[in-house]
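Here is a short briefing on one structure. Keep the coordinates open while you read.

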Amino acid sequence: MTDDTAATAANAAATAVDTRPTKIMYVAEATAHGGRDGFVSSQDGQLALQVAMPPALGGDGNGTNPEQLFAAGYSSCFHNALVLVGRRAGFDLTGSTVAAKVGIGPNKQRGYGLAVALSVSLPILDAGIAAKLVDAAHEVCPYSNATRGNIDVTILLG
């Protein structure tokens, strides 16, 4: 590592925002059997799903897949963060929605990576206010904090 690279890394570490929880308030537990062609279930019995490779990846598609589960989790979590920041700012977000698309593909390290596109609809708000609320939600949402700097996340406001 060159001196410039080390200095850049040290500066990035010094300015990085620590988004780790200070207190764990809830723990979700799930178990997978058979990987992408198997079964997943939560310890509380609320989730019990067949998992299958999607046809685009060579599977039969006769089940959900990790990307769909991630999309469902991210979209619901981001929407909750959006409603929270909207309420704090005094706005009613009735009719708002968040849809997530999660893509998977090979990366340069001979593994696989993800990319996310969130489509946010805030039909009763001015575009400028909506953009500020989306930015604030992106800072609050645990999924956004977990993925920041790790995968590409695009947010489309429409």
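Axes here are lines fitted to C-alpha atoms, for helices over the stretch in contact, and angles run from 0 to 180 degrees between N-to-C directions. The model is predicted. Two packed helices are described by the angle between their axes and the distance between the axes.

**Helix 2 against helix 3**

- The axes of helix 2 and helix 3 (residues 127-140) cross at roughly 120° and come within 8 Å.
- Helix 2 is therefore oblique to helix 3, since angles of 65 to 115 degrees would count as roughly perpendicular and those over 145 as roughly antiparallel.
- The crossing of these two helices is right-handed.
- Helix 2 brings Tyr74, Phe78, Ala81, Leu82, Leu84, Val85 and Gly86 to the contact.
- Helix 3 supplies Leu133, Val134, Ala136, Ala137, His138 and Val140.
- Sorted by class, the contact has 11 nonpolar and 2 polar residues, and no charged ones.

- Thr64 sits in the loop between strand 3 (48-51) and helix 2 (66-88).
- The Thr64 side chain makes a polar contact with the side chain of Gln68, at 2.7 Å.
- Leaving aside neighbours within four places in sequence, Thr64 is in contact with Leu49, Gln50, Val51, Ala52 and Leu69.

**Thr147, in helix 4**

- Thr147 belongs to helix 4 (residues 142-147).
- Setting aside neighbours within four places in sequence, Thr147 is in contact with Phe70, Tyr74 and Val153.
- Tyr74 also takes part in the contact of helix 2 with helix 3.

- Most residues other than glycine have a negative phi.
- Arg110 lies in the loop between strand 4 (97-106) and strand 5 (112-121).
- Is Arg110 buried or exposed? Its relative accessibility is 82%, so Arg110 counts as exposed; the cut-off is over 50%.

Technical notes
Residues numbered from 1 in each chain as written. Predicted model: local features only at pLDDT ≥ 70, side-chain atom pairs only at ≥ 80, totals over all residues. Heavy atoms only, no water. Helix = DSSP H or I, 4+ residues; strand = E, 2+ residues; numbered from the N terminus. Polar contact = N/O pair within 3.5 Å; in protein donor to acceptor, adjacent residues only side chain to side chain. Contact = heavy atoms within 4.5 Å. Parallel < 35°, antiparallel > 145°, perpendicular 65-115°, else oblique. Left-handed = near helix turned anticlockwise from the far one by under 90°. Nonpolar A, V, L, I, M, F, W, Y, C, P; charged D, E, K, R; others polar. Buried < 20%, exposed > 50% of the residue type's maximum accessible area, 1.4 Å probe, protein only.
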